[in-house]
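Student: I am new to this structure. Please show me how to read its features.

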Amino acid sequence: MNISEETFITNLGIHIRQLREKKGMSQQDLADDCGITQNQVGRIERAEINTTIKTLVRIANALDVEPKELFDFPLK
């Protein structure tokens, strides 16, 4: 199965938003816990940027999930 980079990044952003909302966190809460800006969190969730693995690890830690769980989503 081939998936475009854009589709993957879009699905990743959607999944991160869902995990964040499930934890009852705002974008600002997540940003504060990750040491990044709220604007950057929004851009990740909207798939406007391709973020680094380092930032994804920070996001996973802030959401209290294993980093691999960030990639556990259905491809749409």
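Student: Where is Asp72 found?
Tutor: Helices are DSSP runs (H or I, at least four residues), numbered from the N terminus. Asp72 lies in the segment after helix H4 (53-63). This is a predicted model: local features need pLDDT of at least 70, side-chain atom pairs count only at pLDDT 80 or more, and totals for chains, interfaces and linings use all residues. Residues are numbered from 1 along each chain as its sequence is written, and side-chain values use heavy atoms, with hydrogens and water left out.

Student: Is Asp72 buried or exposed?
Tutor: Buried means under 20% relative accessible area, exposed over 50%, partly exposed in between (1.4 Å probe, protein chains only). Asp72 counts as exposed because its relative accessibility is 60%.

Student: Which residues does His15 touch, leaving aside its neighbours within four places in sequence?
Tutor: Contact means heavy atoms within 4.5 Å. With those neighbours set aside, His15 is in contact with Glu69, Leu70, Asp72 and Phe73. His15 itself sits in helix H1. At a relative accessible area of 11%, His15 is buried.

Student: What about Thr55: buried or exposed?
Tutor: Thr55 is buried, because its relative accessible area is 8%. Its place is in helix H4. Not counting residues up to four places away in sequence, Thr55 touches Ile36, Gln40 and Ile44.

Student: And where is Ile14?
Tutor: Ile14 belongs to helix H1 (residues 5-22). With 25% relative accessibility, Ile14 counts as partly exposed. The C-alpha atoms of Ile14 and Ile49 are 13 Å apart. Along the chain, 35 residues separate this pair.

Conventions. Helix = DSSP H or I, 4+ residues; strand = E, 2+ residues; numbered from the N terminus.
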